[in-house]
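Hi,

Here is the structure I promised to pass on. Have a look at it first, and then read my notes below.

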Amino acid sequence: PEECVIYRTCDGDICGADNGEQERLIANDNLYHMRASLGSELWKEEAGKLLKEFIESIKGTPVGDSVAAIQVAGGMFGEWHHWSEGHAADVSAPMQNHFKSFLKEKYITEENLQKAWHMPNVTFENAVYSPEQFKKWDDGAFRNPEISQPTIDSQMSSQLVVAKAILYFADIVKKTMPNILCGSFYGYYFNTMSERRTLSGHLNPHMMFEKNSPIDFLCGPFPYYKECRHPDGIPMQRALLESMRLNGKLWITEMDAHPAGTEHIQGGDPNAIAETKAILWRNC
């Protein structure tokens with residue numbers, strides 16, 4: 001339990017519900033359910049060991065010889081958002097511990113921390129981890145460091161946790177099966193939770209571009225703007241494609257469009273089949 005998410009809500013900090021979850025695997029990912037914190041080193045160690053064992057078990061088999069790439073998936077919907085879709089912040093012990101390490105690495109001395117936070121009595125030990133989103137902000141998703149540096153640092157630490165986890169698992173993939181590609185859902189820029197994007201976990205794509213990165217490609221669904229859903233819509237991508245190209249990485253877009261008319265009929269409106277075909281042709 002101490003490795004699991006503690007959700008900070010406007011009504012207080014709560015543990016995730018553990019009720020068996022009989023629904024589809026990802027059905028409750030954006031709710032307050034029991035999940036291993038993305039900041040848990042124990043979770044990374046145990047999950048990484050199993051990932052390595054799985055890859056080794058298929059090496060040299062017909063299945064393993066047919067593998068072109070592995071996409072490491074984790075977090076909400078497997079898309080590396082923090083659990084609960086940014087509605088609540090993870091303030092568990094693993095996240096708190098990471099925050100302390102982050103502050104020490106960033107500021108080096110407590111004098112630097114005190115100056116940046118405008119708090120003469122703050123220390124690395126008593127600095128409050130406050131990534132929550134339900135407070136009144138300076139300007140939408142933007143923060144004024146003169147008054148909000150504690151929140152900026154808290155959310156930067158939260159973002160960093162996600163990128164570190166992706167690279168951790170991707171590194172295992174590349175070291176275990178070095179001749180395949182490895183990637184992840186990550187680097188969402190457009191249509192990503194609006195003002196909650198500072199908690200989404202996707203603001204460090206530059207870490208995927210560094211030299212010797214185990215990441216070969218990133219991927220994600222198209223933006224869910226209405227203008228992108230129509231058959232004559234805008235063919236936007238989630239990421240900044242120029243950054244992907246400049247850094248020698250591939251981008252793969254998930255074909256995540258529903259048939260036309262699904263708001264009224266499960267599986268789409270039979271009378272809108274021409275529109276559905278147009279959407280599929282355009283996207284694929």
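**The sheet**

Arginine 8 sits across from aspartate 13 of strand 2. Before going further, note that this is a predicted model, in which local features need pLDDT of at least 70 and side-chain atom pairs count only at pLDDT 80 or more, while totals for chains, interfaces and linings use all residues. Residues are numbered from 1 along each chain as its sequence is written, and side-chain values use heavy atoms, with hydrogens and water left out.

Strand 1 (residues 6-9) pairs with strand 2 in the antiparallel sense, over four bridges. (Two strands pair if DSSP finds at least two bridges between them; helices, H or I with at least four residues, and strands, E with at least two, are DSSP runs numbered from the N terminus.) The open sheet has three strands in the order 2-1-4, with antiparallel pairing. Strand 2 (12-15) and strand 4 (89-90) are at the edges with a single partner strand each, so one side of each has no neighbour in the sheet.

Next, look at helix 3 (residues 93-107) and helix 4 (residues 110-117): their axes come within 8 Å and cross at roughly 95°. (Axes are lines fitted to C-alpha atoms, for helices over the stretch in contact, and angles run from 0 to 180 degrees between N-to-C directions.) That makes helix 3 roughly perpendicular to helix 4, a label for angles of 65 to 115 degrees.

Which residues meet there? From helix 3 they are Phe99, Leu103 and Tyr107, and from helix 4 Asn112, Leu113, Ala116 and Trp117, where contact means heavy atoms within 4.5 Å. By class, this contact of helix 3 with helix 4 has six nonpolar residues, one polar and no charged ones. (Ala, Val, Leu, Ile, Met, Phe, Trp, Tyr, Cys and Pro count as nonpolar, Asp, Glu, Lys and Arg as charged, and the others, Gly among them, as polar.)

**Pockets**

The largest pocket holds about 440 Å³ of space. (On a 1 Å grid over the protein atoms alone, a pocket is an open set of points with protein on both sides within 12 Å along at least five of seven lines, and a cavity is a set where a 1.4 Å probe fits but cannot get out; lining residues have an atom within 4 Å of a point. Grid points are joined across faces, edges and corners, and a volume is the space filled by probe spheres set on the points.)

The largest pocket is lined by 20 residues, and Ile152, Gln155, Met156, Gln159 and Leu203 are the closest to its centre. Helix 3 and helix 5 (145-176) are the elements that give two or more residues to this lining, and helix 5 has the largest share, with six. The classes here are eight nonpolar, seven polar and five charged residues.

For the second largest pocket, the volume is about 310 Å³. Of its 14 lining residues, Leu25, Asp29, Arg35, Gly75 and Trp83 lie nearest the centre.

**Cavities**

How many cavities of 30 Å³ or more does a search of the whole structure find? It finds two. The largest cavity, with about 40 Å³ of space, is lined by Leu38, Gly39, Glu41, Lys44, His98, Val161, Lys164 and Ala165. Helix 5 gives the largest share of that lining, three residues.

The second largest cavity has about 30 Å³ of space, and its lining includes His82, Asp90, Met95 and Leu199.

Cheers

Conventions:
Parallel < 35°, antiparallel > 145°, perpendicular 65-115°, else oblique.
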